Protein chains: 2
Amino acid sequence: MADITFADRATVADLEEGAEFAPKFDAAGLIPCVTTDAATGEPLMFAYMNAEALRQTITLGEAVYYSRSRQELWHKGATSGHVQTVVEMRVDCDQDCIWLRVDTGGKASCHVGYRSCFFRSVPVGTAEAGGVTLRFEETEKLFDPKQVYGQ
Amino acid sequence: MADITFADRATVADLEEGAEFAPKFDAAGLIPCVTTDAATGEPLMFAYMNAEALRQTITLGEAVYYSRSRQELWHKGATSGHVQTVVEMRVDCDQDCIWLRVDTGGKASCHVGYRSCFFRSVPVGTAEAGGVTLRFEETEKLFDPKQVYGQ
């Protein structure tokens, strides 16, 4: 695996207008990552990467995250087979967020079984006082989590 | 403004399969938010909301974030005029990330002047050892930050 290095965080002008990749990892060593479907543009999931996950994603061309709950590198699809092939990687202005455009091969990205983790909408602009009821925008799961992950 | 309440965080099954909106705010009281262009699907920016920003976004139908650097509510466009009208709000499986689909009226979303904060790409799959050089995917700014925000 190529020994990729990240630049030091220099001035705001360098970070925002320059061409050196100097990603910002937070106090826990993580950078947030938004993953969208390269074909439809739909956000599929939101996760975190540590430096090693980011290096592996760049080198492999497949999405590798860091699981905060399991505290380990998370090569997406290692268990489920639902690998995400990276079509494009972007970084935002202050280099503290990664955006991946991926090809899922039509497979689900959400561990609950849906295509996207964002399968429910929140009503906006018509809110009444009190609780908010979500609406399911995806109604059919692409797989049964119990069959893929076990109990 | 409607007094919107958020549900308590119950079981994983409730959070992931239920219809109660129970967003998770982190230790700093924030939830991450991905904002995409409702027309093109392109991610525009990544920011955070606190509970009040989330309530105001739902009620106003315009994006209100929380600025970590300024430590205050941030009604997007209050200074620049580049208001983001919310077309749809979604929440992810474990309800710890918000996705906004917005109409920008063709205005820029990045304070640097670009349409999207994600105006640079990171080369993937062809990485050599050493530093990584970003590529500008947007080459023209939609506005001059100095004219809009001052020095």
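**Figure 1. Bridge partners across the two chains: A:Arg120 is paired with B:Val91 of S5(B).** In this predicted model, strand S7 of chain A and strand S5 of chain B, the latter covering residues 85-91, run antiparallel to each other and are joined by three bridges. B:Val91 is the bridge partner that S5(B) supplies to A:Arg120.

**Figure 2. The side of chain A that touches chain B.** Chain A contributes 46 residues to the contact, and chain B contributes 47 residues. On the chain A side, two or more residues come from each of strand S1 (31-37), strand S2 (43-49), helix H2 (51-60), strand S5 (85-91) and strand S7 (120-122). S5(A) provides the largest share, with five residues. By residue class, this side of chain A comprises 26 nonpolar, 11 polar and nine charged residues. The copies meet through the same surface, because 100% of the interface residues of chain A are also interface residues in chain B.

**Figure 3. Surroundings of helix H2 in chain B.** Helix H2(B) spans residues 51-60, and its buried residues are B:Ala53, B:Leu54, B:Arg55, B:Gln56, B:Thr57 and B:Ile58. Within chain B, these buried residues pack against strand S1 (31-37), strand S2 (43-49), strand S3 (64-67), strand S4 (72-75) and S5. The buried residues of H2(B) also pack against S7 of chain A. Just after the helix, B:Gly61 adopts a positive phi of about 75°.

**Figure 4. The fold of chain A.** Three helices and eight strands make up the secondary structure elements of chain A. Read from the N terminus, these elements follow the order α-β-β-α-β-β-β-β-β-β-α. The C-alpha trace of chain A spans about 45 × 40 × 30 Å along its principal axes. Of the 151 residues in chain A, 39% are buried. Among the contacts in chain A with a separation of 6 or more, 41% are between residues 24 or more positions apart.

Key
Residues are numbered from 1 along each chain as its sequence is written. Chains are lettered from A and ligands numbered from 1 in the order in which they are written. This is a predicted model: local features need pLDDT of at least 70, side-chain atom pairs count only at pLDDT 80 or more; totals for chains, interfaces and linings use all residues. Two residues are in contact if their C-beta atoms, placed from the backbone, lie within 7 Å. Helices (H or I, at least four residues) and strands (E, at least two) are DSSP runs, numbered from the N terminus. Ala, Val, Leu, Ile, Met, Phe, Trp, Tyr, Cys and Pro count as nonpolar, Asp, Glu, Lys and Arg as charged, and the others, Gly among them, as polar. Two strands pair if DSSP finds at least two bridges between them. A residue is buried if 20 or more other C-beta atoms lie within 10 Å of its own, exposed if 12 or fewer, and partly exposed in between; C-beta atoms are placed from the backbone.
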